[in-house]
Amino acid sequence: MLWDVDYTLIDAGGTGREVYASVFRDLFGRDADGVAPMGGRTERAIILDTLSTAGISDPARHVDAFVAELTRRAPELRATFAARGHALPGAAAALAAVAALGPAVVQSVLTGNVPAMARAKLAAFGLDGHLDLDVGAYGDHHEVRAELVHLARQLAGTAYGQDFGGPATVLVGDTPLDVEAALATGARVVGVATGGPTAAELAAAGADVILPDLTDTPAVLTAITGAPIS
């Protein structure tokens with residue numbers, strides 16, 4: 001089970017663009033010309049596009065420094081996330097219900113965030129208890145989200161001695177890019193229409209199941225497992 005973080009489990013209160021703008025200002029001594037689209041994308045891709053749009057020479061050379069600064073700032077942002085954001089309705093109950101299915105089900109994240117930022121966001125709302133974040137895949141690894149699925153499978157397979165190939169991996173996310181990553185790697189995908197994209201857009205992208213949100217816990221379990229839960 002690989003959960004997306006932003007707008008699937010939590011709403012961080014719109015802090016992402018502010019943090020990007022602040023990091024850019026500190027690294028380059030001027031304001032950015034806007035921040036690249038974020039929904040469903042990885043930090044490496046967002047950073048690269050943001051720097052390119054701002055006219056930074058050889059932008060790829062600066063991505064690691066930007067990632068390092070996001071990582072450094074993450075712990076101090078936990079209080080900001082808690083004050084300005086919230087866990088999405090049903091998220092805590094969904095995580096607990098999946099955990100109750102037993103040890104054969106491993107829950108982690110597949111997120112565009114760098115690891116420290118994902119941990120800070122989830123901890124701010126008490127959503128990290130049922131997640132093995134050490135086998136998750138994060139946005140500092142690769143620009144392409146599908147590549148994160150391969151990484152998460154490898155880490156979980158090594159840690160748990162199980163084969164997570166094909167539909168044994170289930171992604172839950174709110175954007176067509178989450179769906180695209182799952183389809184490209186043979187994973188099962190549950191679309192949740194709690195972000196910007198609509199249920200119709202998630203369906204058009206090819207999601208196996210679409211939920212309006214996570215508030216109906218039995219429906220969430222059915223969507224994830226592909227079978228009704230008695």
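Helix 5 is followed by Gly 126, whose phi is positive, near 65°. Helices here are DSSP runs of H or I with at least four residues, strands are E runs of at least two, and both are numbered from the N terminus. This is a predicted model: local features need pLDDT of at least 70, side-chain atom pairs count only at pLDDT 80 or more, and totals for chains, interfaces and linings use all residues. Residues are numbered from 1 along each chain as its sequence is written, and side-chain values use heavy atoms, with hydrogens and water left out.

Back to helix 5, residues 115-124. Seven of its ten residues are buried, so helix 5 is largely enclosed by the rest of the structure. Buried means under 20% relative accessible area, with a 1.4 Å probe and protein chains only. Among the buried ones are Met 117, Lys 121 and Leu 122. Their cover includes strand 2, helix 3 and strand 4, where contact means heavy atoms within 4.5 Å.

Next, the core. A nonpolar core is a set of buried Ala, Val, Leu, Ile, Met, Phe, Trp, Tyr and Cys residues joined through side-chain atoms within 4.5 Å. The largest has 51 residues, of which Trp 3, Leu 9 and Leu 70 touch the most other members. Helix 3 gives the largest share, seven residues.

Last, the helix pair. Helix 2 and helix 3 pack at about 120°, axes 10 Å apart. That makes helix 2 oblique to helix 3. Axes are lines fitted to C-alpha atoms over the stretch in contact, and angles run from 0 to 180 degrees between N-to-C directions. Angles under 35 degrees count as roughly parallel, over 145 as roughly antiparallel, 65 to 115 as roughly perpendicular, and the rest as oblique.

Conventions: Buried means under 20% relative accessible area, exposed over 50%, partly exposed in between (1.4 Å probe, protein chains only).
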